[in-house]
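Look at the structure below and keep it in view while reading. The text walks through two places where parts of it meet.

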Amino acid sequence: MINKTFTKDMRETWMYGILGFLVFLLVWQAACVFTNFGKIFPTPKVSLAAFLQAFVEPIGRHTLLGHISISLRRVLIGYTLSSITGIIIGLLMGYSKLAHAIIYPIFCIIRPIPGIAWIPLAILWIGIGEPTIHFIIFMGGFSQMVMNTMDGAQHVDTELVGVAKVLGAKENQIFRKIVLPSSIPYIFTGLQTSLSTSWMAVLAAEMITAREGAGWLIIAGMQTGRIENNVIGMIAIGLVGLILATLLRNAERRLCRWTVRSR
Amino acid sequence: MKEKTKYIIISIVSLISFILLWDLVSKSGIISAKKLPAPSKLFETFIYKLGNKNPDGNTLPIHIWTSLKEALIGFFFGIVIGVPLGISMAWFKKFDKFFSPLFDLIKPIPPVGWVPIMITFFGIGIMSKVSVIFIASFIPAVINSYSGIKQTREVHKWVSQTFGASNRQVLFTIAIPSAGPMIFTGARVALNGSWVSLVAAELIASTKGLGYMIQTARLVGRIDVVFVGVLVIGVFGAAMMEGLSFLERKLVKGGRRS
Amino acid sequence: MPNEKVVVQNLTKSYGDLLVLDDISFSVKESEFFVIVGPTGCGKTTFLNSLTKIIDINNGSILLDGEAVDPRKQNLAYILQEYSALPWLNVEQNIAYGLKIKGYEKSVIEERVEEAIKMVNLENYRHYYPSELSASMLQRVVIARAFATKPDLLLMDEPYGQLDLNLKYKLEDELLSLWQQTGTTVIFITHNIEEAVYLSDRILVMTNKPTKVKTELINDLPRPRNVASRQFVELRNEVTDLIKWW
């Protein structure tokens, strides 16, 4: 009985899912055929063909995979740097009231500025090139990383710290054995949100200052009037975003099994 | 209490010394004023830009107004369409099954990724920006109202059903109010995303707005104007978030639950 | 049977191959305090949820006042094990909730809420939200919400399971006095035998997995009851033995 209802539900899920997708494709196709939309926008079939072709035929300097891996390398550098500094500063501010009093007011000036808004400043400071893009990605993820880590370090169970003190634990033991582990779920939340903003920041940076990468791909598609490149780029960007998010979620499940918070 | 005052004083001292240090570094030429204008210079530029159209063709208030208008229109439509869609997807199974796969498809594309396509469709006017911001706020609005409704506690539904509530009454008197805090979390994410994507869209292509202002100032090498623009972007972003928090306190009763 | 308020016949419920409720039959009289005891996890909540039609049953019938039970037509109220006060409504609004669902006029609602709020002594807390109230106050809010609708049948699922003893005794006495004042028919579920003997007019003992009716005991100890009296202890032991022998 249970099995039967289960499979029926699954079947419905697939049916409606495919139906929804078909309706989407149909609307897309119809819009291309019957309206002006078709003059600027490729049909689903053309888009798919272009997508597959982009794996072998270069657009600009690289193939699709080449552009994606360039963007990913940039994200990896900027994101790693912003995560490390963000976690350190966040822990510091969450754990030490003195550090909080000193750093927080200055941090508050930077915090509400979107990473993307740093683009013009970064170009003036560093010039056009890889370091600028890394800097922009860094700024994109940094504030969220600090905020989440700080939140975690501040929400440490005070009873636990009290018990540890009674048992004679030293400051640095408390920090390593209690504060750090209990901040980890928050740090992971920070890592997830900051990864998705980093991914967004690299696109924006590449649209404005780069000659290759996923962001360049879609902006070049627009500038040269080859919208199919734009569509290909979006599909690829979406897929990569999905893969990155899934990877991190799995990492979190594995690393903090004791406290995977429901979201 | 005394401890608290101590830390407040430390904070103030820290902030003042930061600004003084900045001023010193810039004025003494350790870092050239072309890279780091002094705070006093930024203040002058700010006052100047309030009424002057140089170097980008519009005064600061006009840029601010343009950006705010675009961000808030897009945000408004994103919420007004996204929240009911999220609620319906969570409440009506068939709706969910129909829309979920499509939604999963567009969800991972960062809003900035939509900028070129929207410009192709709508040109560089207000429509392209509003539609990018619409997407930026629509997605978190759907996700959060969806999971807010899904997290409705069974016991609350039972209470309502036992009093004889219809399906509709359960939705409106139990599920939606209990999703309130989550919906607001979604709105906060949405607002943040709107502001970020707006700046990006204006940087890439526009003729007005704060993003355009800093981009143009960059091209003509007016770093002071860039600085002022960046700070103004930060201030207005923070102010809008505060406004939303205020609205939440007014609308969501009984404290945060999640 | 003129006096029967609730008649349950051959109630059966299974999830797939898993039989949860097996052919349960019993009846409850008007204004009776009817207690069902059974081991934890014996499908009591499933049973109550089938009474309120939250879940569908596979077989059997449940009659209230001679008609098939239906929360949309009849006056039921349900008090659960968990705190079920609605966190986004204040005390007053929580108590008014059932009345609003049932579509009473505003003046009636106000009057009934006033009455109920006094019954549970929460006059000074009417504008408080659940997050600002203690556990016992929350339970009072829920009880007031139930009594405000003047239910034909009040269902209670271990409402005091999570409270400490002192509070539990106090709330039990409050409940008994409300019950005596209003003459409401109550079906009360618990795994606590002392609680069952203290509250009930009649006790239905259930067995575990699948849940079946083991036996029914009449409890006519005079009220108020003394938990230390000989008769009380005897009856309690009798029930304990029955449950042991599942």
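**Two interfaces**

Between chain C and chain B, the rule finds five residue pairs in polar contact, with both residues at pLDDT 80 or more; a polar contact is a pair of N or O atoms within 3.5 Å, where within protein one must be able to donate a hydrogen and the other to accept it, and residues adjacent in sequence count only if both atoms are side-chain atoms. This is a predicted model, in which local features need pLDDT of at least 70, side-chain atom pairs count only at pLDDT 80 or more, and totals for chains, interfaces and linings use all residues. Residues are numbered from 1 along each chain as its sequence is written, chains are lettered from A and ligands numbered from 1 in the order in which they are written, and side-chain values use heavy atoms, with hydrogens and water left out.

How many salt bridges does the rule find across the interface of chain C and chain B? It finds zero, a salt bridge being a side-chain nitrogen of Lys or Arg within 4 Å of a carboxyl oxygen of Asp or Glu.

The side of chain C that touches chain B has 15 nonpolar, seven polar and four charged residues. Here Ala, Val, Leu, Ile, Met, Phe, Trp, Tyr, Cys and Pro count as nonpolar, Asp, Glu, Lys and Arg as charged, and the others, Gly among them, as polar.

In contact terms (heavy atoms within 4.5 Å), 26 residues of chain C meet 21 residues of chain B. The two chains bury about 2100 Å² between them, and carbon and sulfur atoms account for 67% of it. Buried area is the accessible area (1.4 Å probe) that two parts lose on being put together, summed over both. In chain C, the residues that lose the most area to chain B are C:W88, C:Y97 and C:I101, together 32% of what that side buries.

Six residues from domain 1 of chain A and six residues from domain 2 of chain A make the contact. About 550 Å² is buried between these domains, 74% of it from carbon and sulfur atoms. On the domain 1 side, A:W28, A:Q29 and A:F41 supply 71% of the buried area, more than any other three residues. Across this interface of chain A the rule finds zero salt bridges and one residue pair in polar contact.
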